[in-house]
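Student: I have a protein chain open on my screen and would like to learn how to read it. Could we go through it together?

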Amino acid sequence: MPKFLILGAGPAGLTFANVLLRNGVNDFLVLEAEHEAGGLCRSVDVDGSALDIGGGHILDVRRPEVVKFLFEFMPREEWNFFQRNTQIYINGKFISHPFEANIWQMDIDSQVEYLCSTAKAGCVTGSGKPEKFTDWLTWKLGEKIANDYMIPYNKKMFGAELNNLGTYWLDKLPDVSFEDILRSCLEHQAHAKQPGHAEFYYPIEYGYGELWRRMSEALDGKIFYGRRVCSMDFSSHVVRTVDGEEYHGSTIINTIPYNEFKELCGMPEALKESVKHLKHTSVQVKYCPESPETQAQWVYYPDLELPYHRIFLRNNVLLGSKGCWTETNTERAMPERDHDFSYTNKYAYPLNTLRKPEIMNELLTFCKSHRVYGLGRWGEHQHYNSDFVVELAMKLAENLM
């Protein structure tokens, strides 16, 4: 029985395993459902250049120890460095992100409308913070920004029933005060802290998946591909695959979605029922050989008439390539045509539903008491970016060693 059994060879599982290996721990095994590693960060060749099948993934610079670790697999000289340039396409115009800090880029009448609306927002007038998701957006940004941008965009990304989502995670949005918005309009420059990925790296010649492919190669013989896990026994530490194979591990590191388990033996029935309430979205990524005339790396589209919510401009990150790819919630995806390239990610984004914090706290506490550790976007059911996942995996591996 290996000391560590790692479920999933995405960024979380690959990092955890490589930290073990770097510290002389060879007693582990990785099970991966697909026939290649990388999870949502995989890349394929489309139209002569790399396309990231999980959507636009990049390496944020904010965690120096993470960047240093990853550069051991793919050296710095193989990456381009970028300043974030993202936009929103609204009312036939590209506006810089975050929207509320850049309404000065609109015509003067629109600026006045948005300013008047924002001045009446609940967070400005001092009214109590609401509990419903859509009410929170109006309270924070005013009716016009909420109705023109935030509500339709979130409907496209997460689904129509937005009030099934909690508000506990919304503080991660760019915090732009009314004074910041007003000053931006007066001075014609954004007054706001840039959100995540303000600076980032992207490979010069490859897609983002190349990094994780190299990390998987470093684990030669330690990853078993085509092993789709379907059950886990918390008492015996036996994991079974859909093909009936059994694997044991003294400690189990789970990085895959809990909804993938058809059986969770040894778990209280009430907790099993709670796990069924964890929700996620699925996203279709589709390649387009043409792209808009903009220098942005990605663009958000709140227009409900368009199926996709975001595009990633490949030609503006993978220099010398062409085209872009769209990202569309599968509930809104258009029928595929034979000549299109598209890829559907069944598990794209964990949803921050009302009960999720309570469910995950109980679930992760129970798992840890049985030497099973949830890790990463799906092991913790959190919308984590890959650099943060790597940091979490590095820390967990060091602690458990």
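This is a predicted model: local features need pLDDT of at least 70, side-chain atom pairs count only at pLDDT 80 or more; totals for chains, interfaces and linings use all residues.

Student: What radius of gyration does the chain have, and what would a compact globule have?
Tutor: The chain has 401 residues, so a compact globule would have a radius of gyration near 21 Å. The C-alpha trace spans about 70 × 50 × 45 Å along its principal axes. The radius of gyration of the chain agrees with the globule value, at 22 Å.

Student: How many helices and strands does the chain have, and what percentage of its residues are buried?
Tutor: Let's begin with the elements: there are 12 helices and 21 strands. For burial, the cut-off is under 20% relative accessible area. Of the 401 residues, the buried ones make up 55%.

Student: What should helix H1 span, and how far apart are its end C-alpha atoms?
Tutor: H1 covers residues 11-22, which is 12 residues. At 1.5 Å a residue, the helix should span 16 Å. The end C-alpha atoms agree with that, being 16 Å apart.

Student: Is H1 mostly covered or uncovered, and how many of its residues are buried?
Tutor: H1 is mostly covered. Among its buried residues are Pro 11, Leu 14, Phe 16 and Val 19. The count of buried residues in H1 is 10 of 12.

Student: Which residue just after H1 takes a positive phi?
Tutor: Most residues other than glycine have a negative phi. Just after H1, a phi of about 80 degrees is found, and the residue that takes it is Gly 24.

Student: Where is Asp 47, and what is its phi?
Tutor: Asp 47 sits in the loop between strand E3 (43-46) and strand E4 (49-52). Asp 47 counts as partly exposed because its relative accessibility is 41%. Its phi is positive although the residue is not glycine, with a value near 55 degrees.

Student: Which peptide bond is cis, with omega near 5 degrees?
Tutor: Most peptide bonds are trans. The cis bond runs from His 97 to Pro 98.

Student: Is Met 360 buried or exposed, and which residues does it touch?
Tutor: Met 360 lies in helix H10 (residues 356-369). Because its relative accessibility is 4%, Met 360 counts as buried. Leaving out residues up to four places away in sequence, Met 360 touches Tyr 258, Leu 278, Gly 379, Glu 380 and His 381.

Student: Why does Arg 371 count as partly exposed?
Tutor: Arg 371 is in the loop between H10 and strand E21 (372-374). Its phi is near 60 degrees, a positive value in a residue other than glycine. Arg 371 counts as partly exposed because its relative accessibility is 44%.

Student: What separates the C-alpha atoms of Val 372 and His 237?
Tutor: Val 372 lies in strand E21 and is buried, with a relative accessible area of 2%. Val 372 and His 237 are 135 residues apart along the chain, and their C-alpha atoms are separated by 8.6 Å.

Terms used: Residues are numbered from 1 along each chain as its sequence is written. Side-chain values use heavy atoms; hydrogens and water are left out. Helices (H or I, at least four residues) and strands (E, at least two) are DSSP runs, numbered from the N terminus. The expected span of a helix is 1.5 Å times one less than its number of residues. Buried means under 20% relative accessible area, exposed over 50%, partly exposed in between (1.4 Å probe, protein chains only). The radius of gyration is taken over C-alpha atoms; the globule rule is 2.2 Å times the number of residues to the power 0.38. Contact means heavy atoms within 4.5 Å.
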